[in-house]
Amino acid sequence: DDPPADAPTGYNRLIPGWMFTHNLFAVLRSERKHATRMGVPISETRAIREEILLLVRDALARLESVVQPNEWYDDGQIDGVGKNVLLEVDRKRGIAAYRELLEYGKMRASLDAGSAIDEADRNRYLELIERLKVRTRDSRARDHHRGGRIFDDYHLVHAQPDDDSELELVMSILDDEEARLRCT
């Protein structure tokens, strides 16, 4: 997307939370891939871990610090934007994405620690898992569609999302978290 006409020339559009909202497949695949390569439990290769969640909390605070909303922001209005443009619509979506990511991180930490989870939290987490399952499948379907548009032979070497064994392995992460939630 093009930045607003009155934005500085050469600035790119910054979309906070994009990986979590639009490419969760890649995030979870990376966790699984590293756990497999290292021969360790997936809980040891979390991309969504406390150090990252601290950065997310900081970014969320910066996005929420806006007192007077504008059409777009640069580094002068929100610290950390750098030589980029952050649209108001993306700031609002980023806030929602970061809040959801923090909720997911909290859920994972509780599961990994074997902590008791009350019924209200369990139900909220189960709803979150369902949304993440849809998001993960959607992100893989978008990749598949985009790959076919870019490379003529893409479909010769990549399975359809419905037959994608890699997607099913990634989905097993969420399935496992769901099963663990149901047992708490």
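How many bridges join S2 to S3, and in which sense do these strands run?

1. The structure is a predicted model. In it, strands S2 and S3 run antiparallel and are joined by two bridges. Within this pairing, Tyr73 is placed opposite Leu86 in S3.

2. Strand S3, which covers residues 84–87, also pairs with S1. Here the sense is parallel, again over two bridges. Arg13 has Val85 of S3 standing opposite.

3. Taken together, the three strands make up an open sheet whose order is S1-S3-S2, with mixed pairing. The edge positions belong to strand S1 (12–13) and strand S2 (72–73); each has a single partner strand, so one side of each is left without a neighbour in the sheet.

4. The sheet should be read together with helix H4. This helix spans residues 88–113. H4 lies across S1, S2 and S3, and its direction makes an angle of about 75° with S3.

5. Arg93 is one of the residues in helix H4. Is Arg93 buried or exposed? Arg93 counts as exposed because its relative accessibility is 53%, and the cut-off for that class is over 50%.

6. Between Arg93 and Gly114 the separation is 21 residues in sequence. In space, the two residues are 32 Å apart, taken from C-alpha to C-alpha.

Notes
Residues are numbered from 1 along each chain as its sequence is written. This is a predicted model: local features need pLDDT of at least 70, side-chain atom pairs count only at pLDDT 80 or more; totals for chains, interfaces and linings use all residues. Side-chain values use heavy atoms; hydrogens and water are left out. Helices (H or I, at least four residues) and strands (E, at least two) are DSSP runs, numbered from the N terminus. Buried means under 20% relative accessible area, exposed over 50%, partly exposed in between (1.4 Å probe, protein chains only). Two strands pair if DSSP finds at least two bridges between them. Contact means heavy atoms within 4.5 Å. Axes are lines fitted to C-alpha atoms, for helices over the stretch in contact, and angles run from 0 to 180 degrees between N-to-C directions.
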